[in-house]
Amino acid sequence: MLRFLLGRVTLIIPTFVGVTFLSFILLHLIPGDPIEVRAGERGIDPVRLEELRHDYGLDQPLWKQFLDYEVQIAHGNLGVSMVTRETVWNEFSTLFPATIELTISAILFALIIGIPLGVIAAVRRGSPFDYGLMGMSVTGASMPIFWWGLMMILVFSVALGWTPVSGRISDAYFIEPWSGFMLVDCWYSDPGACRSAFSHLILPTIVLGTNPLALIARMTRSSMLEVLNEDYIRTARAKGLVASRVVIVHALRNALIPVVTVIGLSVGGLLSGAILTETIFSWPGVGHWLIESIQRRDYPVLQGGTLVIGVLVILVNLSVDLTYGYLNPRIRR
Amino acid sequence: MSLAQTAAAPKADPSRFRLFWRSFAENRGAVLGLFIMCVLVTLAILADVLALHSPIEQFRDHFLTPPLWQAGGDSEFPLGTDDVGRDMLSRLIYGARLSLIIGGSVASLALITGTTLGLTAAFAGGIVDIFIMRVMDILLVFPSLLLAIVIVSILGPGLFNAMLAVVVVTLPGYTRLSRASALSEMARDYVTATRCAGAGPLRLMFVTVLPNCLAPLIVQVSLGFATAILDAAALGFLGLGAQPPTPEWGTMLAGALQYYQRAWWVLAFPGFSILITVLAFNLFGDGLRDALDPKLKR
């Protein structure tokens with residue numbers, strides 16, 4: 001196990017360096033000088049330009065800049081926003097809980113609905129329910145979620161007035177950001193705040209959860225179908241166990257292993273979806289922040305944010321890999 | 001009877017296509033997908049004939065006209081008009097043309113580049129293989145939309161750059177797939193035999209091995225079409241893809257953001273068109289996979 005662990009960890013080092021390199025060259029591939037580009041049509045005083053270039057280290061040779069960048073990252077310094085003068089890490093860490101809260105509730109939504117649907121479809125294979133669910137699943141996977149989100153707002157917020165249009169909580173409440181998770185922090189405030197936070201979370205959760213829901217229902221179904229054909233299921237049935245116990249205890253537990261792996265590895269897809277969902281619902285998270293940084297040409301934010309997200313995905317994939325290796329000794333080699 | 005036989009006779013292998021079709025037609029969803037695709041292609045080709053108006057012509061006295069069946073609708077504009085008086089239906093039809101062009105060019109460029117890289121990695125082995133596959137791993141680390149956004153922010157917004165970004169984002173899939181299938185084919189005897197007969201590496205790669213790796217790649221292209229259309233529309237929606245007044249569906253949605261709460265039709269139709277198109281290619285791709293690769297059939 002230790003050997004497997006070390007092997008996997010060394011394998012990600014080149015990926016890690018590559019990711020930092022990619023985020024490094026980002027700033028240098030932009031046509032023209034990033035500072036001049038940011039100054040835009042107003043132009044910039046040549047003396048000030050040189051000063052700024054020196055401040056950002058842009059007057060150094062490229063290899064030196066890259067080494068400096070690596071050293072800087074190793075010290076946990078991701079740069080400073082050109083707009084707010086705040087460090088990129090500070091901005092990221094204040095906004096990230098909002099993204100995590102949204103992502104986790106979307107996954108939970110997808111799991112709680114997707115797994116039972118997938119199981120029922122597998123048990124009633126070939127029934128109208130099965131066909132209907134598979135049709136819905138392809139539709140969900142094909143859904144342009146930026147449109148789906150706007151349609152939900154149009155129906156549930158504008159026409160029916162059930163849910164708010166945007167944000168994390170009503171302006172009437174001020175919640176001290178203790179954990180950064182609105183549903184946790186509002187707990188110490190009045191019940192109205194909790195209700196408000198919850199109602200703000202519903203639509204974004206459904207929208208972001210749509211693609212994973214489709215994927216999970218489909219995966220659960222096909223994985224269940226495979227498991228239900230195994231000998232030990234027949235044995236369990238032959239023993240005279242109740243059908244529901246065979247399905248839930250014997251089959252589902254084994255069928256879920258590939259499903260869990262797929263969820264772990266689809267973190268990247270979820271973050272892509274989060275960028276769109278946060279933009280639509282003005283959800284103050286990392287995706288919204290990155291899109292804004294492009295509009296404001298705040299390149300250090302784009303660079304630092306991309307890097308953190310890249311590293312995060314590497315770490316999540318690694319832990320999925322290790323967990324899977326732990327659960328399934330055969331792939332440890 | 002005899003006529004049909006003589007007509008079919010010259011074909012090298014008539015049963016192969018029929019076998020494929022029988023297996024494909026079993027899947028009703030896939031046939032539906034194929035049908036929608038045919039309709040879309042027809043719309044795209046005949047856009048100049050079918051569209052009632054130019055997609056960018058602005059009718060100054062018809063701002064936000066509702067669809068035909070709603071009060072205030074105008075038969076001139078069956079699906080209504082947008083905020084500057086452009087005919088929705090005509091824009092949607094031209095949008096179909098644009099989407100198919102986007103999907104087609106992105107998928108084929110990604111296929112060609114990805115397959116070349118994958119085959120090179122498989123044949124060269126060693127450091128070349130490691131280098132190519134590491135680069136693909138790095139591309140896969142980033143959430144695809146984020147990577148596309150970063151690329152477009154470097155190259156500058158616009159349809160062409162957005163398409164390039166989607167090519168880069170979808171490249172790893174094709175590369176990994178073609179490398180994996182090339183590696184498994186290369187272990188076969190026929191490849192060794194061809195090599196012994198003196199075939200050069202390029203011939204081995206593209207003439208001997210590639211045709212036997214095609215089945216999974218064809219499926220990937222069909223599903224890649226759907227991804228390309230979806231991603232390009234997402235970029236258009238974020239203001240990074242096609243720029244107005246181009247009748248691209250995602251860009252149309254971005255333009256509708258300010259007033260969609262008053263005029264549902266400017267929002268509903270372009271998005272629904274994206275959904276239907278992507279759905280058609282996904283259904284078709286799933287059907288192709290089941291028909292071409294019986295091992296994966298569920």
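The largest nonpolar core has 140 residues, and A148(B), V166(B) and I229(B) have the most contacts inside it. Such a core is a set of buried Ala, Val, Leu, Ile, Met, Phe, Trp, Tyr and Cys residues joined through C-beta atoms within 7 Å. Helix α13 (residues 264-292) of chain B gives the largest share of this core, 15 residues. A second, separate core has eight residues, among them L119(B), A122(B), A182(B) and C213(B). The model is predicted: local features need pLDDT of at least 70, side-chain atom pairs count only at pLDDT 80 or more, and totals for chains, interfaces and linings use all residues. Residues are numbered from 1 along each chain as its sequence is written, while chains are lettered from A and ligands numbered from 1 in the order in which they are written.

I229(B) touches S99(B), I102(B), G103(B), I274(B), T277(B) and V278(B), leaving aside residues up to four places away in sequence. Contact here requires C-beta atoms, placed from the backbone, to lie within 7 Å.

Chain B holds 13 helices and zero strands. These elements are DSSP runs numbered from the N terminus (helices: H or I, at least four residues; strands: E, at least two). The C-alpha atoms of chain B fill a box of roughly 75 × 60 × 35 Å along the principal axes. Of the 298 residues in chain B, 45% are buried. A buried residue has 20 or more other C-beta atoms within 10 Å of its own, an exposed one 12 or fewer, and a partly exposed one falls in between, with C-beta atoms placed from the backbone. Among contacts in chain B with a separation of 6 or more, 68% join residues 24 or more positions apart.

The contact between the chains takes 38 residues from chain A and 34 residues from chain B. On the side of chain A, the elements that give two or more residues include α1 (2-29), α9 (191-228) and α14 (299-327). That side divides into 26 nonpolar, 12 polar and no charged residues. Nonpolar covers Ala, Val, Leu, Ile, Met, Phe, Trp, Tyr, Cys and Pro; charged covers Asp, Glu, Lys and Arg; the others, Gly among them, are polar.

Within chain A, α7(A) and α12(A) pack at about 30°, with axes 9 Å apart. Axes are lines fitted to C-alpha atoms, for helices over the stretch in contact, and angles run from 0 to 180 degrees between N-to-C directions. The two helices are therefore roughly parallel (angles under 35 degrees; over 145 is roughly antiparallel, 65 to 115 roughly perpendicular and the rest oblique). I145(A), F146(A), G149(A) and L150(A) of α7(A) meet G273(A), L276(A), T277(A) and I280(A) of α12(A). This contact has five nonpolar, three polar and no charged residues.

The axes of α6(A) and α9(A) come within 8 Å and cross at roughly 140°. That makes α6(A) oblique to α9(A). Their contact has six nonpolar, four polar and one charged residue.

Some backbone features stand apart. Most residues other than glycine have a negative phi, and most peptide bonds are trans. A cis peptide bond joins P244(B) and P245(B), with omega about 5°. P245(B) is in the loop between α11 (214-237) and α12 (249-256) of chain B. R85(A) has a positive phi, near 65°. R85(A) is exposed, with 7 other C-beta atoms within 10 Å. S282(A) also has a positive phi, about 45°. S282(A) is partly exposed, with 13 other C-beta atoms within 10 Å.

How values were computed. Two residues are in contact if their C-beta atoms, placed from the backbone, lie within 7 Å.
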